[in-house]
Amino acid sequence: MRDLDFIKDKELRKTLEDSIEYIYALFEQSKDSKQKKSYQEETYRVIILYVVSAIEAILLYFYKARGEKIEYPEYKFVCPLPPEYAHGEKFHSPVVVAVQELVEKQEHQLGIHELVAFFRRKNLILEKTAKKILDMNDVRNTFHFNKQRARACDLGRVEKALQLLIHTIKNAPKALERK
């Protein structure tokens with residue numbers, strides 16, 4: 001799949017190519033009119049799961065390729081102050097003095113929300129694209145069995161997800177060009 005040639009990590013590129021082939025096979029299978037409606041909807045959920053996972057992998061690849069860091073504040077050497085320094089609104093919560101240090105988030109701590117926020121801050125992703133990615137991620141999260149499935153997962157949503165994947169693949173290389 002030549003559209004993924006921008007990904008120099010051969011293993012990741014192969015995984016994405018295989019996953020996209022699987023998405024296509026599932027999509028074709030979902031068109032079978034003999035399938036129960038519930039089976040079809042679950043197939044659509046799996047397609048969206050794969051699409052969002054592929055988008056997340058592409059965003060992570062570009063994040064790493066850019067060599068930048070996402071950091072968060074970590075508090076060390078935390079020392080609680082005596083009770084007389086209690087906060088007026090949070091009387092039962094201790095007030096503390098600590099050293100704040102910015103720490104790089106490790107790869108396993110990065111999710112799609114952090115990656116989308118990073119690319120937003122860098123102006124490397126359009127706001128409407130970011131919103132679409134996060135919206136599809138919300139649908140992906142309904143794949144968890146303990147999450148409510150209030151949002152319908154139909155052919156229209158799957159087609160939007162596939163368009164978003166194509167858009168991401170076509171536009172992602174520009175993220176490396178702009179620093």
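Partly exposed covers a relative accessible area between the buried limit, under 20%, and the exposed limit, over 50%. I start with that because Tyr 50 falls there, at 31%. The model I am reading is predicted.

**Entry: ring pairs.** I looked up the aromatic pairs and found five in the structure. I took two of them in detail.

**Entry: Phe 6 and Phe 62.** I checked the ring centres first, and they lie 5.4 Å apart. The planes meet at 20°, so I log this pair as stacked. Next I asked which parts of the chain the pair links. Phe 6 sits in the segment before α1 (10-30). Phe 62 belongs to helix α2, residues 37-66. The two are 56 residues apart, and I note the link as one between distant parts of the chain.

Are these residues buried or exposed? I read 15% relative accessible area for Phe 6, which is buried. Phe 62 comes out at 2% and also counts as buried.

**Entry: Tyr 22 and Tyr 50.** Here I found the ring centres 5.0 Å apart. Tyr 22 lies in helix α1 and Tyr 50 in helix α2. They are 28 residues apart, and this pair too links distant parts of the chain.

I then looked up accessibility for Tyr 22: it is 37%, which counts as partly exposed. Tyr 50, at 31%, is partly exposed as well.

**Entry: cluster.** Last, I asked which residues the ring pairs link into a cluster. I noted Phe 6, Tyr 61 and Phe 62.

Notes
Residues numbered from 1 in each chain as written. Predicted model: local features only at pLDDT ≥ 70, side-chain atom pairs only at ≥ 80, totals over all residues. Heavy atoms only, no water. Phe/Tyr/Trp six-rings, centres within 6.5 Å; stacked < 30°, edge-to-face > 60°. Helix = DSSP H or I, 4+ residues; strand = E, 2+ residues; numbered from the N terminus. Buried < 20%, exposed > 50% of the residue type's maximum accessible area, 1.4 Å probe, protein only.
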